[in-house]
Amino acid sequence: VFKALEFADKNSEVEYKENTVIHNPQIIRDVVKISGCRFKIVPRPDQELETEENKDAVPAPPAPPEALKPRPPVVCVMGHVDHGKTTLLDALRDTSVVDQEFGGITQHIGAFEVQLASGDKVTFLDTPGHAAFTSMRSRGAHATDIVVLVVAADDGVMEQTVESIRMAREANVPILVAINKIDKPGVNIERTMRALSTHGIICEAVGGDVQAIPVSALKKTNLDTLVEALTLQAQLMDLKADPGGYVEGVVIEAQMDARTGKQATVLVQRGTLRRGSIIVAGNGWAKVRVLNSAEGRLVQEAPPSTPVSVLGWRELPSAGDQVLEVSSEKRANEVMRYRSSQRMRDKQVSDLSAISRAQAAHRAAYRARLARKRALGRYKLRPDGPREKMLQRDTHPTLSVLVKGDVDGSVEAILDILETYDEHERVRLDLVHFGVGAVTPNDLEIAEMFKAVIYAFNVDCPTPLLLDAKKKNIPIKTHNIIYRLVDDVKEEISARIPKRL
Ligand code: GDP
């Protein structure tokens with residue numbers, strides 16, 4: 001099949017007989033899409049084409065409103081380097097009042113919860129900065145509800161502050177500002193707020209609707225107020241999820257642990273994860289054996305917005321993978337088989353598109369050769385025949401040139417002007433090669449063979465190439481004004497006019 005299609009031309013038709021076994025119709029469809037050939041898929045009468053939908057695990061439809069219960073916000077800390085993101089996360093983790101008596105050792109599992117005396121909780125993603133935010137988003141997993149933008153009051157708004165604002169905006173995630181390092185002498189909170197205003201973050205204190213909490217991550221000042229502000233923001237956003245039904249979530253982290261084996265942190269987004277649940281995520285699946293909180297405490301279940309470290313993976317998933325609960329181990333295996341067949345297919349498709357890319361490059365090169373031949377004809381530059389012979393016989397003074405330009409238009413303009421000099425009675429102008437793009441080693445080779453001057457118009461000339469050209473004594477002349485280039489050519493022509501004795 002692939003051989004046939006590989007060589008099938010755009011308009012050819014590949015026939016398939018009724019008894020042809022088509023293992024994966026999707027492959028053929030993709031091949032057809034890439035190669036552009038017309039192609040009929042004829043299913044065998046006794047064989048139903050497999051539909052894809054019933055093979056993969058997919059999220060359940062949205063829950064009915066009455067099933068929705070409030071859930072804690074999931075918060076990502078962003079901001080400029082050294083403004084105190086890590087210190088803030090450490091401080092928050094320490095003040096976490098969840099089961100203080102337990103006295104467990106906090107584990108870095110990628111996220112943790114903070115609980116207020118009121119019982120309100122906030123979940124923090126533990127990796128500060130862009131990486132966590134984007135890696136979660138890159139796969140379409142919208143894990144973050146609120147961005148805490150950390151701005152050091154002594155430093156103010158900096159490059160990554162602005163970048164963080166942009167990213168949060170693009171993701172449509174509301175921002176809450178933590179103005180940090182207020183313990184430092186002489187810091188100016190108002191100035192920081194004014195600077196934020198110029199980037200569209202108008203804090204409440206200056207008449208806007210963005211909460212800004214002055215804190216000191218180092219001295220643990222005002223952290224409760226910050227968490228309260230986050231729960232308030234969450235209420236405004238009316239964050240809810242269905243704690244019943246099949247679990248959905250996202251993998252925050254996944255790794256091989258020397259002690260416990262395959263471990264992955266799951267942030268539950270819907271449903272309630274329990275021991276014994278069977279989940280699939282990316283290329284991995286698990287029958288949940290152990291659930292651990294960030295404090296290293298065994299937990300029985302994890303409702304929405306709870307991050308838990310999960311043991312029981314047969315194959316590890318990757319960070320960012322979507323987690324879906326399935327009905328049975330058999331179903332999990334089915335999904336894994338389906339996904340692995342999809343990966344094979346994707347690989348075959350990308351191999352095939354590499355082939356068609358190579359073919360396209362080949363065709364382009366051929367077209368270029370044709371164009372060159374035609375151009376040589378048009379400029380009547382040299383008689384046909386072996387080069388050596390020609391070079392020996394040719395005693396007429398000649399200026400050989402090779403022209404490279406940034407765009408078709410400029411190259412053509414230059415060639416048009418050079419054509420008028422072609423008729424110079426005593427010096428022949430010989431265009432040996434031309435093209436669009438940077439000067440390449442291939443150009444050097446051609447120039448060396450014909451002892452040509454290379455004219456580069458508005459294009460790059462890599463330094464190693466310049467050095468090579470110098471070694472081989474090939475002049476490369478770069479210009480960015482056409483008439484200067486033409487003047488240069490004229491000078492070269494004059495220099496080659498035989499002196500009268
Ligand atoms: P990150 O790069 O944003 O994660 O910043 P860090 O948390 O690593 O903090 C950078 C530096 O600022 C460290 O030396 C911290 O001790 C210091 N720092 C962080 N928060 C505060 C604060 O509230 N007050 C003061 N004085 N220093 C702080």
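1. A polar contact is a pair of N or O atoms within 3.5 Å. The model here is predicted.

2. Start with T86. One of its polar side-chain atoms lies 2.5 Å from an oxygen atom of the ligand.

3. Two other side chains deserve a look. In N180, an N or O atom of the side chain is 3.0 Å from an oxygen atom of the ligand. In D183, a polar side-chain atom lies 2.6 Å from a nitrogen atom of the ligand. Taken alone, the ligand exposes 580 Å², and the protein buries 74% of that.

4. Now the whole shell. There are 15 residues around the ligand. The nearest are D82, K85, T86, T87 and D183. By type, the shell holds three nonpolar, seven polar and five charged residues. Which helix gives the most to this shell? Helix 3 does, with three residues.

5. Helix 3 spans residues 85-95, and helix 7 spans residues 223-237. Two packed helices are described by the angle between their axes and the distance between the axes. Here the axes come within 11 Å and cross at roughly 90°. That makes helix 3 roughly perpendicular to helix 7.

6. Which residues meet where these helices touch? From helix 3 come L88, A91, L92 and T95. From helix 7 come L223, L226 and V227. The residues of this contact divide into six nonpolar, one polar and no charged.

Notes. Residues are numbered from 1 along each chain as its sequence is written. This is a predicted model: local features need pLDDT of at least 70, side-chain atom pairs count only at pLDDT 80 or more; totals for chains, interfaces and linings use all residues. Side-chain values use heavy atoms; hydrogens and water are left out. Axes are lines fitted to C-alpha atoms, for helices over the stretch in contact, and angles run from 0 to 180 degrees between N-to-C directions. Helices (H or I, at least four residues) and strands (E, at least two) are DSSP runs, numbered from the N terminus. Angles under 35 degrees count as roughly parallel, over 145 as roughly antiparallel, 65 to 115 as roughly perpendicular and the rest as oblique. Contact means heavy atoms within 4.5 Å. Ala, Val, Leu, Ile, Met, Phe, Trp, Tyr, Cys and Pro count as nonpolar, Asp, Glu, Lys and Arg as charged, and the others, Gly among them, as polar. A residue is near a molecule or strand if one of its heavy atoms lies within 4 Å of it. A polar contact is a pair of N or O atoms within 3.5 Å; within protein, one must be able to donate a hydrogen and the other to accept it, and residues adjacent in sequence count only if both atoms are side-chain atoms. Accessible areas come from the Shrake-Rupley method with a 1.4 Å probe; for residues, only the protein chains shown count as cover.
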